[in-house]
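Hi there,

Here is the structure I promised to pass along. Have a look at it first, and then read on for what turned up.

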Amino acid sequence: MSAAANSQGCRVEVVRSGDWWAITVPSLRGVFSQTRRLAQVPSMAREAIAMMLGINVADVGPIEVDVQPPEGVADLLAEARQATVIADEASATAADARRRAARLLHEAGLPMREIGELVGVSHQRVSQILAE
């Protein structure tokens, strides 16, 4: 991989090895690194890539981190991500229904405090909803 090609980005693979995260760069044979914290993977990978290519760290393109979670966890993480998507969609649906109900109750002349009680939010939040 040339320095020019690297400006398009580089994928790194990360696996847990004891107390460390082991970092490899499949497209650059012989590039390995490690770190104790997952958050440090991009910077450690950049340093290793720059050293291998003989370029400045700032010239290394975007890093795509592909973490291989410990065995038995990948399915649970995928399940958690899917559940989060479903929960976010449900939350958005609930917020929309709350907003429409608050507007209708306001148009019917109910006071903010009562709208808040019916909708399940504070009267201050009702004011914010109606102002949106």
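A word on terms before the fold: helices here are DSSP runs of H or I with at least four residues, strands are runs of E with at least two, and both are numbered from the N terminus. On that basis, the order along the sequence is α-β-β-β-α-β-α-α-α. The radius of gyration is 25 Å, well over the 14 Å that the globule rule gives for 132 residues, so the protein is more spread out than a compact globule. Please keep in mind that this is a predicted model.

In total, the protein has 5 helices and 4 strands. Its C-alpha trace spans about 70 × 35 × 20 Å along the principal axes.

The helix I would look at is H3, which covers residues 74–107. With 34 residues, H3 reaches 50 Å from its first C-alpha to its last, close to the 50 Å expected at 1.5 Å a residue. After H3 comes glycine 109, which has a positive phi near 95 degrees.

Now for burial and surface. Of the 132 residues, 19% are buried.

Best wishes

Conventions: Residues numbered from 1 in each chain as written. Predicted model: local features only at pLDDT ≥ 70, side-chain atom pairs only at ≥ 80, totals over all residues. Heavy atoms only, no water. Rg over C-alpha atoms; globule rule 2.2 N^0.38 Å. Buried < 20%, exposed > 50% of the residue type's maximum accessible area, 1.4 Å probe, protein only. Expected span 1.5 Å × (residues − 1).
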